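I opened my notebook to record what I looked up, taking one topic at a time.

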Amino acid sequence: MSRILEVEGVSKSFGGVVANRDISLNVAAGEIVGLIGPNGSGKTTLFNSIVGYHPIDSGSIRFESREISRLRVPQIARLGLLRTFQQTRVYKGMSCLENMLISTSHSGATLRGMLAGVPREIEERAEEILEFVGLYPKRRLAASDLSFGQQKLLEFGMALMNEPKMLLLDEPTAGINPTLINGLIDRLRRANAQLGITLLVIEHNMRVIMNLAQRLYCLAHGELLAEGTPGELQRDRRVLDAYLGAH
Amino acid sequence: MRREALTFALRGPRLAAALILAALSLAAPFLFPAITVQLALLWIMVVFAMTWDTTGGQMGYNSFGNVLFVGLGMYACAVVQRDFGLGYFWTLAAGLAVGALIAVTVGAVLGAGMLGLRGHYFAIGTLGLGIAAGEIASSWEYVGAGGGLTVPIYPGDIAFRTGFFYYQCLMLALATFLALRWLYGTRFGLALNAIRDDEDKAEAMGLHTTRYKTVAWCTAAFFLSIAGGILGNIIGFIDPRDTAFASSSYGIWMVLMAILGGKGTLWGPVVGAVIFHLTQELFWTYLLGWQRVALGLLIVLIVVFFPQGIFGWVRARWPERFGATVEKPAGTKSA
Amino acid sequence: MQDGQHAAVALRKWASLRDLPDPAMDRALSARRLSEGGGLPAHKLDGNCAAARAMANLDVLIAAPVFAIQLLVDGILIGAVFALVAYGMALVWGVMNVINIAQGEFVMLGGYTGVVCARYLGISPFFGIPLGAAVGFLAGLLVYQLVIRRVVEHDLFTSLLAAFGVSILLAQLLNQAFGPDEVVIDTGLGSLNLFGNMVSVSVIKLVSCGLTVAIGGALMLFLKRSRLGQAIRATAQNARAARVMGIDTDRIYAMTFAINAAICGAAGALVAMIWVVSPYAGLPYTVRSFTIVIMAGLGNLGGVILSAFGLGVIEQFASFIFGAETEFAFVFSFLVLVLIARSLILQRQRKVLR
């Protein structure tokens, strides 16, 4: 399988605090990869570096063999590498359907295209995806009227609407009612299998990530601690120590 | 897609009301010849409020300095009328066009720097822009400096003059309304709302935010400059600080009218402008020099007690009227 | 006129001013600043030669560097007052997350208090400093209770607009009470001549600079040591945590806003003595404070002081080169420049000014 994302020797520090030190990881096209580690281990910083939220100090980040570490957030998003936020972010003043309609891929968006009406097929796809995430009946409701969990689903739907090649999910199950988590895992799997979207997932819920991911990377204190299959990492002494604070 | 929040279908009683309003607007110079100028100014105010709302209400970029474009249009038009002798009507048209061109260019150039600012930095930055323009104009000899600039007089009959400008204002307001109504209904309008609600998210989704922000600001600049050009001709004399770049009157009125009517709605700024202008025309003269004190008081009162505006209040009261409905088909249980 | 002649005329004019007796010269100098400002009077020149005039004035500066020293000294002394007002703005901004656009109007309120002392009560304008602070404090408390309190939890633009409304209201009330003209207080203190009478430093500016330092120092001490000051700083760091810990944040906000207004009032009384006050001169002070805080960065006290001196000096030079009638144009344009520069610098680090 070809590598869709290659991170090589990435370091990032804020002031004197090193958040990421010399991190290398890669994700193959079509994979589901998990990123775990205790709080403050630098997972979200790494996400932010990958999607261009801040410049990195050293190292290289390649997406589909193209160096992206110098690109800005919107440019990277238009290449098909998208992220969701830990603190869910949707357009709260707009209806769910409008949230979806504006979330199509902007890679070839022209001003003229934007000034034309919304094509029928885009509206249909938006409704399909809303159905998929279970928000179709609420499509005309303002996003601010949704519960936190529903907003999370909407954000996921918006990401799907964008038809990305790869999706970085920052704690997709945090704050979601436990009874809905299975449904979400199922949807993530289907997005991966049916739509061919590569996933890189930060997750604290061990049950979820062990079920979902094919491979895992574990960060601790800003450094890459271990990598392997869920089974391998579950038996890894270092990973356990990191989570229990013995590191 | 129809965006219910913005457009009402024109049917039945609504259509009748619209037709009556249209007929009244068209016949106004004949029905109310004594107040034609005030009615012309009303349409200018509608343009002011609507264009302010394009960036302020729809895009979330609250500008205190949109009056900059009014002033640019006013001065450009007057200078063209002063310096080029193509006959009155041709020079007026040329002046309005030149004004629009300059305003849009300035909007695009300044937008590159200013629209990178968020929140109150943008608000105060644009305030600085508007006042700086007034101060610069008042020390620039070419445009008459602090002494102001007299606009060439309409050559024909005085009765025709007011009618002439009234219909220009009416057409401009109508054009602005239709253009913005159409714009908000497109995906461009959605992009503006997305920028307002969460610009970081919009960037993370790959939107060309800078491009859309600039286009929105330039759209406002375009209509404002033409309004400015006409306004200069109606008033007949341009004072750099008190008419062209009048930050403490037109500049702040724009904001106030849009907020009074309801930010981020199509009709809100129109209604706000009408109410504000009528109130002003009816009561302002009784205040005997205390007008500006009253203005300050009015701003405080509206902002403190009625920040959501008329349409905002109506929308919060009857959300389903604006399309916010939940369907409950059997068997579908949402998360 | 040739450029060289401009310079010569300016030099002669300056030299002739030097020969005047002390108090008269002081008045003449301030009159020059008020009416003409720069090296050459505007009305002596024909229409489209603003650029030529600016060049000529620049020549004067190069030909006689002692002018530069004069401008530098004046700028620093004026900058001290800017620093005080900007410090107050940063305090309110940091603690309440409100940008007080009425900042400059509080300054003018203090200024007119000084004017009332000197003109109508017949007492020394120096009483205007504590009285201005008291008037400012009360006005600040009133404005907070009536307006700011109701918008402090709203979004930023709402509080900004509310403060703008207060600003217009106060300016117009001052206009109704005192008329639109500029007012100065003559303290009767002379000036010191340095560098063989080439640089003059008016005593009142020195005194005001010293008082500014004293007021600023007292405020810092108050914030650091007193119980209320500590509560204010705690609220600034995290209002919700402060509330949980039993601090009445509403009262803290009220005190912060009132203390800021008091600082502005005291600064205003100084402004009335060293410069001019007018109902409409408020907004430039707000904008200056805002510019200074942006240049320094919020919460950077040393930066605020340095930026304030910097702005004072830059303004003096700009006023000399472009003429005093462009003073306001410069203040507002400079704000725009600083904002754009700051935004561009941040954009290089992929951040935005928010």
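My entries on a sheet, a chain contact and a helix pair follow.

I note first that this is a predicted model, in which local features need pLDDT of at least 70 and side-chain atom pairs count only at pLDDT 80 or more, while totals for chains, interfaces and linings use all residues. Residues are numbered from 1 along each chain as its sequence is written, and chains are lettered from A and ligands numbered from 1 in the order in which they are written.

Sheet. In chain A I found an open sheet of four strands in the order 2-1-4-5 with antiparallel pairing, where strands (E, at least two residues) and helices (H or I, at least four) are DSSP runs numbered from the N terminus, and pairing takes at least two DSSP bridges. Its edge strands are strand 2 (17-28) and strand 5 (66-67) of chain A. Strand 1 (residues 3-14) of chain A pairs with strand 2 of chain A over eight bridges, and I saw that A:R3 has A:A28 as its bridge partner.

Chains B and C. I looked up the contact (C-beta atoms, placed from the backbone, within 7 Å) and found 34 residues of chain B against 38 residues of chain C. On the side of chain B, helix 5 of chain B gives the most, with twelve residues.

Helix pair. In chain C, helix 5 (residues 103-121) and helix 12 (residues 282-296) pack at about 125 degrees with their axes 6 Å apart, the axes being lines fitted to C-alpha atoms over the stretch in contact and the angles running from 0 to 180 degrees between N-to-C directions. Among the residues that meet there are C:V107 of helix 5 and C:Y285 of helix 12.

Terms used. Two residues are in contact if their C-beta atoms, placed from the backbone, lie within 7 Å.
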